[in-house]
Amino acid sequence: MQNDWTKPAALAIPEGGFFPDKVEQGRYGPIYPKTPACYGFSILARIKPGTKQNFYAYAKRIEQGVAETPDFLAVLKLHYLRWILFDIGKDTYFMYQGIFDTDFDKYTEDAVSIFTQTGLRTVFENLEGFPEDWQTNATAFIKFVRDHQCPSFLEYGEYPYVSADEIKKALRLKAAFSGMLDQMQ
């Protein structure tokens with residue numbers, strides 16, 4: 001059963017990132033399947049020469065934004081993000097990995113909306129080939145992400161198919177029970 005969070009689950013994904021008989025079409029093309037780790041994507045792209053420090057500075061801005069406004073990224077329904085810079089030869093590459101609860105289309109639309117509303121630029125502007133008109137051209141933004149997507153071929157969930165909101169709710173319940181038990185002693 002897909003919604004049985006009590007049993008860990010793994011899902012082998014065919015080459016290309018989609019199950020040929022179950023491809024769901026979204027507004028911007030196929031939707032990557034929901035897996036035991038929920039939805040997500042990974043992109044890999046070469047950074048523009050001389051921009052490496054921009055990534056570290058941007059990470060600090062995100063850290064500060066979340067510290068000041070903890071629900072700053074809440075609309076994205078994130079489980080986690082992982083950003084990696086690494087060298088191949090003389091070039092530096094950026095890997096973006098994200099796991100979230102919404103499908104690809106909603107996630108990317110919400111991300112563009114956050115950037116537009118807050119005035120925060122995206123670190124992706126430091127990637128080769130990223131569209132300069134990304135804030136007004138969602139299709140170009142999504143095409144860039146899709147062109148640089150590296151689909152996974154295995155995803156695992158220790159508590160499969162559980163949303164970030166469900167995890168937070170369970171942790172709030174745990175805290176409430178702990179508080180109640182502490183008061184009873």
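Buried means under 20% relative accessible area, exposed means over 50%, and partly exposed lies in between. The exercises below apply these cut-offs to a predicted model.

**Exercise 1.** Decide whether Phe124 and Phe130 are buried or exposed, and describe how their rings are arranged.

*Solution.* Begin with accessibility: Phe130 has a relative accessibility of 7% and therefore counts as buried, and Phe124, at 6%, counts as buried as well. Then turn to the geometry, for a pair of aromatic rings is described by the distance of the centres and the angle of the planes. The centres of Phe124 and Phe130 lie 5.9 Å apart with 80° between the planes, an edge-to-face pair.

**Exercise 2.** Work out which class of aromatic pair Trp83 and Tyr96 form, and where in the chain the two residues lie.

*Solution.* The count of aromatic pairs in the model comes to 21. For Trp83 and Tyr96 the ring centres are 6.5 Å apart and the planes meet at 40°, so the pair is tilted. Next, locate the partners: Trp83 belongs to strand β5 (residues 78-88) and Tyr96 to strand β6 (residues 91-100), 13 residues apart, and the pair thus links distant parts of the chain.

**Exercise 3.** Examine the salt bridges of Lys60 with Glu63 and of Lys106 with Asp110, and state how each pair is placed in its helix.

*Solution.* Side chains of opposite charge can pair when their charged atoms come close. The structure holds nine salt bridges. In one of them, Lys60 and Glu63 meet at 3.0 Å, N to O; both lie in helix α1 (residues 52-68), three residues apart, about one turn of the helix. Lys60 is exposed at 53%, while Glu63 is partly exposed at 47%. In another, the closest N and O atoms of Lys106 and Asp110 are 2.7 Å apart, and both residues lie in helix α2 (residues 104-118), four residues apart, about one turn of the helix. Here Lys106 is partly exposed at 37%, but Asp110 is buried at 11%.

Notes
Residues are numbered from 1 along each chain as its sequence is written. This is a predicted model: local features need pLDDT of at least 70, side-chain atom pairs count only at pLDDT 80 or more; totals for chains, interfaces and linings use all residues. Side-chain values use heavy atoms; hydrogens and water are left out. A salt bridge is a side-chain nitrogen of Lys or Arg within 4 Å of a carboxyl oxygen of Asp or Glu. Buried means under 20% relative accessible area, exposed over 50%, partly exposed in between (1.4 Å probe, protein chains only). Rings of Phe, Tyr and Trp (its six-membered ring) pair if their centres lie within 6.5 Å; planes under 30 degrees apart count as stacked, over 60 as edge-to-face and the rest as tilted.
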